[in-house]
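Trainee: I am new to this one. Could you walk me through some of its salt bridges?
Mentor: Gladly, let's look together.

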Amino acid sequence: MHENLVIVESPAKAKTIEKFLGEGFVVTSSMGHIRDLEKKDFGIDLEKNYAPKYIVSADKKKIVSELKKLAKAADTVWLASDEDREGEAIAWHLKEVLKLKDEKTKRIVFHEITKEAITRAVENPRDIDVNLVNAQQARRVLDRIVGFEVSPVLWKKVKPSLSAGRVQSVAVRLIVEREREIRNFKSVSSFRVNGYFLVPDKNGNITELKAELPKRFETLDKAKAFLEKCKTAEFTVADVVKKPGKRTPAMPFTTSTLQQEASRKLGFSVSQTMAVAQRLYESGKITYMRTDSVNLSKLALNTSKQKIEDLHGEKYVKIRKFKTKAKGAQEAHEAIRPTYMENETVDGSAQEQRLYELIWKRTIASQMADAILERTNVTINVSNASESFQATGEVIVFDGFLKVYIESTDDENGGNSNGQTIIPPLHVNDKLEMSSVISTERFSQRPARFTEASLVKRLEELGIGRPSTYAPTITTVQNRNYVVKEERPGVERKYSVLSLQNGDIKEEVKTEITGAEKNKLFPTDIGIVVNDFLLANFDQIMDYNFTANVEKEFDDIAEGNKVWNEMIDKFYQPFHGKVEHALENAERSKGERILGIDPKTGKEVSVKIGRFGPLAQIGEASNEEGAEKPQFSSLRAGQHIETITLEEALELFRLPRDLGEYEGKKVTVAIGRFGPYVRHDNKFVSLGKEDDPYSVGSERAIELIEAKREKDRLAVVKVFEEDAELRILNGRWGAYIKHGKKNYKLPKEVKEKAKDLTFEDCMKIIEAAPEPKARRGKKK
DNA sequence: CAGTGAGCGAGCTTCCGCTTGACTT
């Protein structure tokens, strides 16, 4: 018996709110949406003005029936889902599915979970905003139309099981285009010049002052000419300018900024960050982690102020209100912050502690004073040259928020140095003693590849995707194999260094590694082919502004200035025409590239996507009787359709190499998934590190075959007369059973005594073995 | 694990946004 039932979206929230509301209120959760468009069909009735066909999803049946029971027993049902488009729709679906009567239903909203905010919400109920619900329906229907009409085009024209969508396809486009920018980037080198001068500091000790020439020389000769001048030059301080500066703390965390900082500072993947944050949220340590709001509750501001005063004193406090810049932010929640600002640390796993600490510091810092700096610029003239050196120093006069938190950047040169550079006391007209002048060749930087987190950042800037979908989107494009997160080695690059010291100019050539990547996103061949196909046929949905444009229309619907199915119709008519057009006219897209002519056969060499991935091919398939079939070879790891050269492709066809016969059976060498191997009598032997598959001889091959045989012989622990397929072998982790092609683990107790196992024992173990794990993604 | 690349056809794949578990290793 309860008078009031409150339904929120998340169970953790329900628990907290129940405490605030007290007697007479039961608080429960819907676990997000309870209904969605029918999935096995299109789910939209095109004949009936795009009427959505909603069904309660299988995993929500139980929740819905429980909610029905609770709603029946209550006098008033309070629909307290989030205050945004999706939340409004959840409230509406609940009202429909639970068949709630108007007079017993109230809609309330709050964006902070504090007693005050909730009491105020209960005192100010309203009705469901039908316009906002319709805006959500338009969003939902549009996404279904795009996804379920374009994906099947890909199945027909590119490869089965592929997918396209308003969000994921644009995410892939960003990666593909960045990769092409990088590929087309021409690095230009120039010569940077640093001068080092000996100067007494304020205690009279000699220190080295580093200064840089703002101008860079285009060539080695020009740099050398400048150094020549420096040999005899006099160096004079021409100007000393001191300027005050300040730094301001970053805004509190949203989902996207949390993902970026956790990636840079803790090395977390985007989904890892969300999983850890979820645990902190569920245990009541932080506020909700899927948010685009930078707002902090009054309570949070007050407790932060108290904490800063306790730790660092009053002058470190500066209460600030932040405004969201992100496009299309819906601000249904607070920023991500600790629930209790007084807790600097929490219990939990190491990851939870580190993420919590990051959140705590960022939140506290956002309410702290600016850092006050003093920047010093010194200009040093060169008597016989028009160029002058600049030395810059930065001293922190008051640290302010820097005491607790420094935001990191994506800058690859690892900027973000907070080290102070102190300039010794200098005066205009001071003569400086030069200790050295060094000119280093530097190269212009290509654009940076995306990390998971920097891709999220870009998507957010474009207003594409929502806090709840950033991590799943990043996972989807990788699961579809459009994008891979990889490590790739860099290449060596030579650069020149000129140094003037003790009146001598030395010239050196040094090498550095450049372009090495770790945990960066690369497009795959299939990702590139799909992207180009979609751009050619569906430019509208691939437009970076498509989401922003439709969002404007959704806003119009939400304000009651547009009718949702009319908006959808305007989109659908031309869009569906493009789908039909593509189905009829677009050629099958295999990303084929012709590399040139094979000098041996005179036939064309090409690369394309085949049934099993990218391949190289010599000659063309022909329907003519008795025509020669083309030769095929899979591309190797690290080779790509867009970048492979004719020479590299031809190299692939040098394998498998025939090495003649051994014991009446053919010996061949090839490269497989696990590297180069020798094949003989259907057995495979890996080549050693020192062996080259292109030149290895038959003698060495036979040696390897024999060595493998010997090893296999030693590995056999026991064979059985009853079944030739059954053997006990010794593997990397000790004895195990091999039956046909399957392997079975031995229980620990018998591992040592595997020799004593009988045929019956083995069969028992095989029968008792658990079924191999089901493949992911298939349900029941 | 170590290949495959014909062609046909049945039956399947697919979106974005709200939410948590229920599963292994």
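**Salt bridges, pair by pair**

Mentor: This is a predicted model. To begin, E352 forms a salt bridge with R279, and their closest N and O atoms are 2.9 Å apart.

Trainee: How many residues apart in sequence are the parts that E352 and R279 tie together?
Mentor: Look at where each partner sits. E352 belongs to helix α11 (residues 350-366), while R279 belongs to helix α9 (residues 270-282). The pair therefore ties together parts separated in sequence by 73 residues.

Trainee: Is E352 buried or exposed?
Mentor: The cut-off for buried is under 20% relative accessible area. E352 has 10% relative accessibility, so E352 counts as buried.

Trainee: What separates K305 and E309 along their helix?
Mentor: Their side chains meet in a salt bridge at 3.5 Å, N to O. Both lie in helix α10 (residues 298-312), four residues apart. The separation of K305 and E309 is therefore about one helical turn.

Trainee: Which strand holds E517, the partner of R449?
Mentor: The side chains of E517 and R449 meet in a salt bridge of 3.0 Å, N to O. R449 is in the loop between β14 (431-443) and α12 (452-461), and the two residues are 68 residues apart. E517 itself is in strand β18.

Trainee: How many salt bridges does a search of the whole structure find?
Mentor: We have visited a few pairs by name. The search of the whole structure gives a total of 51.

Notes:
Residues numbered from 1 in each chain as written. Chains lettered and ligands numbered in written order. Predicted model: local features only at pLDDT ≥ 70, side-chain atom pairs only at ≥ 80, totals over all residues. Heavy atoms only, no water. Salt bridge = Lys/Arg side-chain N within 4 Å of Asp/Glu carboxyl O. Buried < 20%, exposed > 50% of the residue type's maximum accessible area, 1.4 Å probe, protein only.
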